[in-house]
Amino acid sequence: MKFFRLLLAVMFLTTVEVFAPVISSEVPSAAEVLPASSPYGSATIITNIPYAINPAPRQNFDLILPAQRGGQLFPLVVWIHGGAWLSGLKEWDNVKYLVRHGYAIASIDYRFSTEAPFPAQIQDCNAALNFILAHATNYRVSPNRFVIGGGSAGGHLALLLGLARKETAFGADPSIKPLAILDFFGPVDFNRAKADLESIHSEKGLELFKDAVPKLMGAPVEQSADKMKQASPITYASTNSPPVLILQGGKDELVPAAQSRRLHEALAQLGVKNQLIMVDAGHDGPLFSTPEIEAKVVSFLNETFANNGSGRMIKTSGP
């Protein structure tokens, strides 16, 4: 039996290695070199890298590396796109400008709720994170110096990915903890979302909630209170949570500002470093990537990485 298990493990590792093109000082043949005029600036991009054996169509990620700078390993931002958990593209990364500041971006895709209900989405995100970190040096990114981020539904998944590090049902490796989380207008508390939308009289938001959330839960909202709690990032906030930068539109009709304020207050009460930046905008849009916002995001990340310059893997003992 031990021999059989060992054989399976070797077969698994061998298969995974096939998916990992080696990034050397030379531009790999599978990569595309982007000009300085691209949204990322001068960069190298490798698209559609599978992170699972026999992957589903969306179980892959794109990797964008800054222009070559010797043999260093780049600090990494793992980004998760939005789309109400039922649509969206890896190209929807709100922080393309970070590549110009020396950060690599791994923009991951995941199964939609129309393919599989929760927790499939966060299981995919954990599978992607585990794969990327296991092969990080092959891709010239640091396995120890990374943050997680996302927008809208991706912000929700980024929070779950960063906060629920002991939730093995999500496929999380409890020994891994990101240095920080970037949450751009992500839902944080499903059981209070409907009331939050009603309080701002958002018909558009209520319509989306009634469509997207039952599909995500795989059941009517009225039957999903326990599962919605399990899917809510605020459930996993603890004194061991990593720092969080929250961007929220004050006029958001899809994810009310009350959701982000609730997370901000919960983290503050736990003594977790976090910052809530209110933007005079609705849900997403160009006001979230102005030079002022870019400067604040870069400042937050630069401080985060400077405070964790040792590069040691951070382990967590909390939820």
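Trainee: By class, what residues does the lining of the largest pocket have?
Mentor: The lining has 16 nonpolar, 10 polar and one charged residues. Here Ala, Val, Leu, Ile, Met, Phe, Trp, Tyr, Cys and Pro count as nonpolar, Asp, Glu, Lys and Arg as charged, and the others, Gly among them, as polar. Keep in mind that this is a predicted model, where local features need pLDDT of at least 70, side-chain atom pairs count only at pLDDT 80 or more, and totals for chains, interfaces and linings use all residues. Residues are numbered from 1 along each chain as its sequence is written, and side-chain values use heavy atoms, with hydrogens and water left out.

Trainee: OK, and what volume does the largest pocket have?
Mentor: About 340 Å³. Of the 27 residues lining the pocket, the closest to its centre are Ser152, Pro187, Leu208, Val255 and His283. A pocket is an open set of points on a 1 Å grid over the protein atoms alone, where a 1.4 Å probe fits, with protein on both sides within 12 Å along at least five of seven lines; lining residues have an atom within 4 Å of a point. The volume is the space filled by probe spheres set on the points, which are joined across faces, edges and corners.

Trainee: Which element gives the largest share of the lining?
Mentor: Helix 5, with five residues. Helix 4 (190-199) and helix 5 (203-217) are the elements that give two or more. Helices (H or I, at least four residues) and strands (E, at least two) are DSSP runs, numbered from the N terminus.

Trainee: Back to Ser152, is it buried or exposed?
Mentor: Buried, with a relative accessible area of 15%. Buried means under 20%, exposed over 50%, partly exposed in between (1.4 Å probe, protein chains only). Ser152 sits in the loop between strand 6 (141-151) and helix 3, and its phi is positive, near 60 degrees, though it isn't a glycine.

Trainee: Where else is there a positive phi in a residue that is not a glycine?
Mentor: Asn48, at about 55 degrees. Asn48 is in strand 2 (residues 43-50) and is partly exposed, at 46% relative accessible area. Most residues other than glycine have a negative phi, and most peptide bonds are trans. Pro119 lies in the loop between strand 5 and helix 2 (120-134).

Trainee: How many residues of helix 3 are buried?
Mentor: 11 of its 11, over residues 153-163. Among them are His156, Leu157 and Gly162.

Trainee: And what does His81 contact?
Mentor: Leaving aside neighbours within four places in sequence, its contacts (heavy atoms within 4.5 Å) include Trp92, Asp109, Tyr110, Ala153 and Gly154. His81 is buried at 0%, in the loop between strand 4 (74-80) and strand 5 (104-108).
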